[in-house]
Amino acid sequence: AKPNKSYLLRRLWRYFRPYKWLLALAIALTVGGNALALVGPKLSGLAIDAIEPGAGRVDFASVYRYAAYMALLYVLSAVMSYALQRLMIRLSRNVVYRMRKDLFEPLPVGFFDRRQTGDVISVLSYDVDTINASLSNDIVQIFTSLITVLGSLVMMLSISPVLILVFVITIPISVFITRYRTKKVRPLFRLRSRKLGELNGFVEEIIGGQRTTRAYHREQVVIGRFDEKNQEAVDAYCNADHHACVMGPSVNLANNLSLALVSVFGALLYMGGTISLGGIASFVLYSRKFSGPINEFANLLAEMQSSFSAAERVFRLLDEEP
């Protein structure tokens, strides 16, 4: 039976546990940086409301004050995001170091009767690097997306609870697309990892036996077998990436639909006097912040499928009895 996601996450947590304080600091930086960035659209709307109809009827003092606050908050948010990236690189490097060290343990002789050496090398290099990329980038993006979505929802509720009803239509569409594509993509990434391991194993075996191949004039046979395995790996890569790439644009289409609906109903509410122009501008910005992470989250889920498949291979190798 294939290990489920909760099992894989528990296994990964064992490597995170020694660095839990670094992880806590990373979460704090994520929350702080995104919270500061979320205030910007609200200040932008207030600056727009300082512009009144008519020539020269602008409260420049208010506009400049709100613009200065926005610049300050965005600078602080950028500094915290930079610190977060540096911290996550260090954290992922430490985790991957321990993982490779555990992998580089003696394996039973019978293991090499069943598996090629190149397949082990593939796990040590490609699969561990895939996990490393996920730890340093995807986890941060998931936390960022979650905070941005929740923060944007709160800010939109404070501006116009009625306009929130637009997302009752578009969010279920995005969720359905994401769930459907995720179930389809994960087996493809698992196949991709396996085919790459088979290719690496074949290459390692053939390079090690070049003299024997030449002695028996089997070069063309070996080249033909390599081309076959190479084509299988390429097909597995293309198939997995193709289905993963479809997810983002599909969700983005639903998100753009929400923006169109917000623009239409926002104009109607403005005509009724229930929302200001600055409020509409802020709501549109928050709707993009709300919808954008959902699109990113769909792409992240596709990348996480690759990481889970790599983690399966890593832990399967770790579980071999020495």
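**Exercise 1. Is M271 buried or exposed, and why?**

Before we start: this is a predicted model, where local features need pLDDT of at least 70, side-chain atom pairs count only at pLDDT 80 or more, and totals for chains, interfaces and linings use all residues. Residues are numbered from 1 along each chain as its sequence is written, and side-chain values use heavy atoms, with hydrogens and water left out.

*Solution.* 
- Step 1: get the cut-offs. Buried means under 20% relative accessible area, exposed means over 50%, and partly exposed is in between (1.4 Å probe, protein chains only).
- Step 2: apply them. M271 has 70% relative accessibility, so it counts as exposed.
- Step 3: You'll find it in helix α8; helices are DSSP runs (H or I, at least four residues), strands are runs of E (at least two), and both are numbered from the N terminus.

**Exercise 2. Work out which helix gives the most to the nonpolar patch.**

*Solution.* 
- Step 1: list the members. I48, V264, F265, L268, Y270, M271 and L277 make a nonpolar surface patch of about 700 Å².
- Step 2: recall what qualifies. Patch residues have over 30% relative accessible area and no salt bridge, and nonpolar side chains (Val, Leu, Ile, Met, Phe, Trp, Tyr) are joined within 5 Å. A salt bridge puts a side-chain nitrogen of Lys or Arg within 4 Å of a carboxyl oxygen of Asp or Glu.
- Step 3: name the helix. Helix α8 (residues 219–271) gives the most, with 5 residues.

**Exercise 3. Classify L76 and H217 by accessibility.**

*Solution.* 
- Step 1: take L76, which sits in helix α3 (residues 60–103). Its relative accessibility is 39%, so L76 is partly exposed.
- Step 2: go to H217, in the loop between α7 (210–215) and α8. With 66% relative accessibility, H217 counts as exposed.
- Step 3: look at the backbone of H217. Its phi is near 55 degrees, a positive value in a residue other than glycine. Most residues other than glycine have a negative phi.

Methods
Patch = residues over 30% accessible without salt bridge, like charges linked within 9 Å, V, L, I, M, F, W, Y side chains within 5 Å. Areas by Shrake-Rupley, 256 points an atom, 1.4 Å probe, with all protein chains shown as cover.
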